[in-house]
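Me: Could you walk me through this one before I go further with it? I'd like to start with how the terms are meant.

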Amino acid sequence: MRNTILLLLLIFSFSACNDDDTVFETGTEGLEVKFTPVAGGAMMHYTLPNNRDIFAMNVRYKDWQGNNVLKTCGYSGDSLLLDGFTRGQEVAVNLSFVNHRNEESASLEYSFETLDSAPWAFFDDLEVSSSWNGFQVIYKSPTVVTGMAHIFYLGINPVTQKEDTILVNSFPLLQGGDTLNFILQQENLKNTVIVRTEDFKGYRVRQEIFPDVDAFRSEKWPMTAADFNDFGISIEDVKAKTGVQYLFDGELRGEERFIASTAVTDTRSGTEVCATYVAGPYAFGKPIILDLREQKTPAWVRMYCFCPMTARFTAANQALSNVWKGSYEDKLPCNVTVYGNKESSDPNADGWEYLGRLAQDPSAEVQREWWAYRTTQLESAPSDVNELAKQDPIYVDIQLPPHNKTYRYLKLVVNDTFDTRTSNVNTNEQDHFTLHELEVYVKKN
């Protein structure tokens, strides 16, 4: 009896040892494996042996956190992405075959190289620079993109009223990169920007701090008609109320024209009163000089047009009827160039530097692609002055570069206006253009 028990124990022990050993044996003839490094891992290209006993192949390795990773592939494919890494490194990997009974063969040892992942490589070409009233982030990304970025700045926490890192944006990394502008409400002369990346599992990958980023705070600079010189291209008309003075009167929506239109009782007549600025004929390419009166760093030039209103433009024999010809939109600039000069107001003098440009398609198929599209949306035209006052003004900013160069004079050149959308007839044959209000913004001291 005692011998029988000992025999059974030996059998059970032998069986247990066999369970721990590999029970699926197969050859590797025909197996081909090649690893190609990619961002955050490697692409494994493979060909499995031509063996009916093999159902799949297991791939085991450890990711950058030390976690065990198991991936499986089979005859239906020829490649497998081995991911889970942040930096370029060499990684050990084990391959084994599995049969239909889920029995596994002995493992084969290989290794592969990885490339820096997108959350790590994000910082290689990262540029954090100044922009108006905030800062700008420009980045590039590799072909394989994973992970997220978080952008913070050092400011005052509105809850605790203490200095804290304040999140301004979180975003998934985009293939090819992106350019992002952040306008901050808190006024700091300089900003400390913190950029942090993480993988999609929530692990922090990398962080960098960018101190002393100039905030380039801006302010509207007071301008008057005395600071404006268009060398005589302005149409000064008392009856139509057009002229340089209306560019700087602070009225942004077209209120005077709207009131005048409500007084017209004859529906066949247009509204002569415009209370705006009109230039021409043949005003394209002609210089306009703005005198800032002192050396300033210009931020942008802002141009306004009328809010939508049902006021008809002048009929024949009325003031400026030969200018408007029933159309307003094709007198609005779509292409304007801005230059700066430190010393001279002479438009032909040396020293003019290119600063910026408005360049929109004059015949854009999508109406929202041009800055003044709302002016033609008559369905939103106000019924009275109070409604008009509640409408947002319509304007466009010609952004100028955020640097510390100063200029006293700006030169504006209108090169083109939009095409009319109401007909195929050119109603701006003599190259007129109009602006309702003009503002200049500069760097705040």
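Reply: Contact, as used here, means heavy atoms within 4.5 Å. This is a predicted model, where local features need pLDDT of at least 70 and side-chain atom pairs count only at pLDDT 80 or more, while totals for chains, interfaces and linings use all residues. Residues are numbered from 1 along each chain as its sequence is written, and side-chain values use heavy atoms, leaving out hydrogens and water.

Me: OK, helix 3 then: which residues are buried there?
Reply: Arg257, Phe258, Ala260 and Ser261 of helix 3 (residues 255-262) are buried, meaning under 20% relative accessible area with a 1.4 Å probe and protein chains only. Helices here are DSSP runs of H or I with at least four residues, and strands are runs of E with at least two, numbered from the N terminus.

Me: And why do they line one face of the helix?
Reply: Seen down the axis of helix 3, the buried residues fall within an arc of 165 degrees, so they line one face; the arc is taken from the directions from the helix axis to the C-beta atoms.

Me: What do they pack against?
Reply: The buried residues of helix 3 pack against helix 5 (385-390).

Me: Switching to rings, how many aromatic pairs are there?
Reply: A search of the whole structure finds 22 aromatic pairs, where rings of Phe, Tyr and Trp (its six-membered ring) pair if their centres lie within 6.5 Å, and planes under 30 degrees apart count as stacked, over 60 as edge-to-face and the rest as tilted. One of them joins Tyr277 and Phe433, whose ring centres are 6.2 Å apart with planes at 50 degrees, so this pair is tilted.

Me: Where do those two sit in the chain?
Reply: Tyr277 is in strand 17 (residues 277-279) and Phe433 in strand 24 (residues 433-435), 156 residues apart, so the pair links distant parts of the chain. Both Tyr277 and Phe433 are buried.

Me: What about Phe313 and Tyr328?
Reply: Their ring centres are 5.7 Å apart and their planes at 15 degrees, so the pair is stacked. Phe313 lies in the loop between strand 19 (298-305) and helix 4 (321-324), and Tyr328 in the loop between helix 4 and strand 20 (333-341), so the pair ties together parts 15 residues apart in sequence. Phe313 is buried, with a relative accessible area of 16%, and Tyr328 is buried as well, at 8%.

Me: Last topic, Pro49: buried or exposed?
Reply: Pro49 is buried, with a relative accessible area of 2%, and lies in the loop between strand 2 (41-47) and strand 3 (56-62).

Technical notes
Buried means under 20% relative accessible area, exposed over 50%, partly exposed in between (1.4 Å probe, protein chains only).
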